[in-house]
Amino acid sequence: MKNNKGFGVIGIILIIVGVLVVGGGAYYLGKNSKIDDNLPQNKGDDLENNYNNSKININPEITNIKELISGGDNSLGDPFWNYQPKWSPDGEKILISSYPTGIYVNYINNNEQKFLTNDGTGAGFRYNWSPDSKAIVYLSREFKNGQQNNIIKLIEIETGEIIELTQGVGSSMPYFTPTSEVVYSYKGTLIKRKWNGVSIGKEETITKNVPANVVIPSPKGNILVVENDEGIMSLNNNGDDRKIIVKNEKNSFAWGVKFSSDGNNILFSNNVGSESHLFVYSFKTEKTVDLGNGMDYDWLPNNKIVYNIGKDDGNIMIGSEIYVINADGTSKKQITYTKDKIEVGLAVSFDGKFIVYMDENKTGSMYIGDLKY
């Protein structure tokens, strides 16, 4: 990637995501969405958690930093190369987006890249690994005669075989459950299909009247979180016990839900004024914490969060650094201090020992390092 247009790249990405129409509504980011007024708010004092062992060390840092993938042109000639990294559960592979159409996989041990698909607008956004790290699911879009068609697909990593699960307006982005079921919404019906590593099972209805842009299962398999045009809601894996976590306002959107490894909390993004803030919601207390300004983010295994805070001049991104913070909003620590790099698009390995991120300043290269916190 050759640019001084870091903020422009992210801006373009958000605009593209903004016009993704899933579940019958526009999938866009907004500026004024807010936490449900009916939910208690705090600054972290009341958030129930078990953080006795989660105090941040005096000097958290990223060490042994190496370039994993060089920036510049890829085989697609796509300028969004090296974005949206997603670590496999086995820790051996990283999915990488040539946003918005392409998906690659990088093998950590030998640093080889394998092209998986250049399969429709949106394919490089929020793809998801199977628990055995042998397949991914994703949503792509195509247009025929001016009409949009959403297609949910599964790719076997080694063979490259693509299996179509369903298609049509109202198809949400899919996710794998911890028990290798693919869950998604189709025209408001929540559906699951069992993946056995070779073939995909028949559709089974979980519940109805749940339109979704994306359905995210808990690591424990007991909760489903749904993002849709109305906001963010949770329900159990049978479709009952529905609760509104966030209500969107006009021209606004809360999105990007990620579960903590213990399944007790979710992290998501929402705008506060002109800034993008990160929020943690606790399923135990039903309370929400505003972590402040933040962009790309990921959970660490002990309920800490790693994320970046960017700076812009109103037009382009001019800087970004990586931070670590407790899920209750305490002990915020900066862990990078770079003038020659703009760290974005980070992802952490499942064991929390390694981190990858992209430099959006000049090269567009992706780096890998040991994460100590």
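A charge is said to sit over a ring if NZ of Lys or CZ of Arg is within 6 Å of the ring centre and within 35 degrees of the ring normal.

**View 1. Lys258 meets the face of Tyr297.** Here Lys258 lies over the ring face of Tyr297, 5.3 Å from the ring centre. This is a predicted model, in which local features need pLDDT of at least 70 and side-chain atom pairs count only at pLDDT 80 or more, while totals for chains, interfaces and linings use all residues. Residues are numbered from 1 along each chain as its sequence is written, and side-chain values use heavy atoms, leaving out hydrogens and water.

**View 2. Lys332 sits over Tyr323.** The charged end of Lys332 is placed 5.2 Å from the centre of the Tyr323 ring.

**View 3. Tyr281 and Phe283 form an aromatic pair.** Rings of Phe, Tyr and Trp (its six-membered ring) pair if their centres lie within 6.5 Å; planes under 30 degrees apart count as stacked, over 60 as edge-to-face and the rest as tilted. The whole structure holds 7 aromatic pairs. In this one, Tyr281 and Phe283 are edge-to-face, at 5.3 Å centre to centre and 85° between the planes. Both Tyr281 and Phe283 are buried (under 20% relative accessible area, with exposed over 50% and partly exposed in between, using a 1.4 Å probe and protein chains only). Together with Phe259, they form one aromatic cluster.

**View 4. Tyr357 and Tyr367 are stacked.** Their ring centres are 6.0 Å apart and their planes meet at 25°, so the pair counts as stacked. Tyr357 is buried, at 2% relative accessibility, and Tyr367 is buried too, with a relative accessible area of 11%.
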